Amino acid sequence: MTQHPTAAARRPANRGPKAAAGNRAALISAAREIYAAQGLDAPLSGIARRAGVGQAVLYRHFPDRDAIAAAVLEENVRQIEQAAGEGTALAGVLGVLTWHLTQSAAFISLLHADEASGGHPHTRTFARDLHDRVERTLRQCLPDGHRLSAPGDLMLAVSMVSGAVTGPTHAMRERRALAAWGLLGVTVGPVRPFEG
């Protein structure tokens, strides 16, 4: 006779309040993976499972779906800022940006914040703030006289590349993004997350 584990035995162990920062980081990482595979409508229970925590822990950190999506987007922008802050050349920062583009449809939407007409005003303000942070960060890395130095050209190029990031696999999305950058005459470094 096969014994089935009880519900209590299947639940992740409670690591207590000292694990709060680790739980939050695990939830953001899990959300990024789940959203990349299933989109923003993925069940929150799957995020909690992937992070190794219970749903109560997820809701303690993120009261709703918008809050966890916002945390993932904030982390994406923070990685781009960190890459630039460490003196990474434009090509390297664009590699980090491109990695996030290939991972997240929500991140692509964020970079088109100036086109957003619907949605809650708070959401539009949040998206616009993150969009502006990405633009400021990339501008800091632009060498004098770069082909994207003219006002508006930099984020137009990013929007054009983000529009090319399609396909069912990460590899295909990455190939298309790099091809789009190449057509714009822009060199991109290794496509990877920033790991500080």
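How many residues apart in helix α8 are Asp 132 and Arg 128, and what does that make of their separation in helical turns? They are 4 residues apart, so about one helical turn lies between them.

Hello everyone, and thanks for coming. What you see above is a predicted model, where local features need pLDDT of at least 70, side-chain atom pairs count only at pLDDT 80 or more, and totals for chains, interfaces and linings use all residues. Residues are numbered from 1 along each chain as its sequence is written, and side-chain values use heavy atoms, with hydrogens and water left out.

Let's stay with that pair for a moment. Asp 132 and Arg 128 form a salt bridge, at 3.0 Å from N to O. By salt bridge I mean a side-chain nitrogen of Lys or Arg within 4 Å of a carboxyl oxygen of Asp or Glu. Helices here are DSSP runs of H or I with at least four residues, numbered from the N terminus. Asp 132 is partly exposed at 24% relative accessibility, and Arg 128 is partly exposed too, at 30%. For those words, buried is under 20% relative accessible area, exposed is over 50%, and partly exposed is in between, using a 1.4 Å probe and protein chains only.

The whole structure has 6 salt bridges. Another one joins Arg 133 to Glu 74, with the closest N and O atoms 2.9 Å apart. Arg 133 sits in helix α8 (residues 121-141) and Glu 74 in helix α5, so this pair ties together parts 59 residues apart in sequence. Arg 133 is buried, at 13%, while Glu 74 is partly exposed, at 29%.

Now over to Glu 33, which has a salt bridge to Arg 50 with the closest N and O atoms 2.7 Å apart. Glu 33 belongs to helix α2 and Arg 50 to helix α3 (residues 44-51), 17 residues apart.

Finally, how do helices α2 and α5 pack? Helix α2 (residues 20-38) meets helix α5 (residues 65-85) at about 95 degrees, with the axes 10 Å apart. The axes are lines fitted to C-alpha atoms over the stretch in contact, and angles run from 0 to 180 degrees between N-to-C directions. The two are therefore roughly perpendicular, a label for angles of 65 to 115 degrees. Contact, meaning heavy atoms within 4.5 Å, involves residues including Leu 27 and Tyr 35 of α2 and Ile 68 and Val 72 of α5.

Methods: Angles under 35 degrees count as roughly parallel, over 145 as roughly antiparallel, 65 to 115 as roughly perpendicular and the rest as oblique.
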